[in-house]
Amino acid sequence: MSEYTVYLADDERIIRDGIASLIPWKELGLRFTGAAINGLVAYRHILEAETPPDIVITDIKMPEMNGIELIKLTKERYPDMTFIVLSGYGEFEFASQAMQHGVRHYLLKPCNETEINEVLGRVVEELERKRSEKSYVKTIEERL
């Protein structure tokens, strides 16, 4: 299993600290690379990173730049980046907007460590499957 990197954007310090410290990153094949207090700071960090994260966990409602804007802008540059939306707002409109930008994982606050671990586990499986498919296609192309 490959190691994938995870970045977090959430304006609530308790959420940032909790996720950063409670998730068994190595066990899940992940490495936590940092956190931001809003979407704008997260977007800047992602753009400035030597290697952008594979996975971004983002809140929806944040000052400066919300999660939907972060997803939209980041996906323009990094279309393969995977987003997990973490939000205290259960309105369908937010979920719908996130899905329009390719988000498949949406967690409602308050969520517990187990729920986050399960979603991260599914995302890792999806990324492994995609990586395997790309490798297979590359091998076929080289043979042709």
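Trainee: In which helix is the place of Thr74?

Mentor: The model considered here is predicted. Within it, Thr74 belongs to the helix spanning residues 67–77, namely H3.

Trainee: Is Thr74 buried or exposed?

Mentor: Residues under 20% relative accessible area are classed as buried. The relative accessibility of Thr74 is 1%, so Thr74 counts as buried.

Trainee: How are the buried residues of H3 placed around the axis, and what arc do they cover?

Mentor: The buried residues of H3 are Gly67, Ile68, Leu70, Ile71 and Thr74. They lie on the same side of H3, because the arc they cover around the axis is only 155°.

Trainee: Which residues are exposed on the other side of H3?

Mentor: Thr74 is among the buried residues of this helix. On the other side of H3, the exposed residues are Glu76 and Arg77.

Trainee: Which residue caps the N-terminal end of H3?

Mentor: A side-chain oxygen of the capping residue lies 3.0 Å from the backbone nitrogen of Ile68. The residue that caps this end of H3 is Asn66.

Trainee: What pattern does the protein follow along the sequence?

Mentor: The protein contains five helices and five strands. Read along the sequence, they give the pattern β-α-β-α-β-α-β-α-β-α.

How values were computed. Residues are numbered from 1 along each chain as its sequence is written. This is a predicted model: local features need pLDDT of at least 70, side-chain atom pairs count only at pLDDT 80 or more; totals for chains, interfaces and linings use all residues. Side-chain values use heavy atoms; hydrogens and water are left out. Helices (H or I, at least four residues) and strands (E, at least two) are DSSP runs, numbered from the N terminus. Buried means under 20% relative accessible area, exposed over 50%, partly exposed in between (1.4 Å probe, protein chains only). The arc is that of the directions from the helix axis to the C-beta atoms. A polar contact is a pair of N or O atoms within 3.5 Å; within protein, one must be able to donate a hydrogen and the other to accept it, and residues adjacent in sequence count only if both atoms are side-chain atoms.
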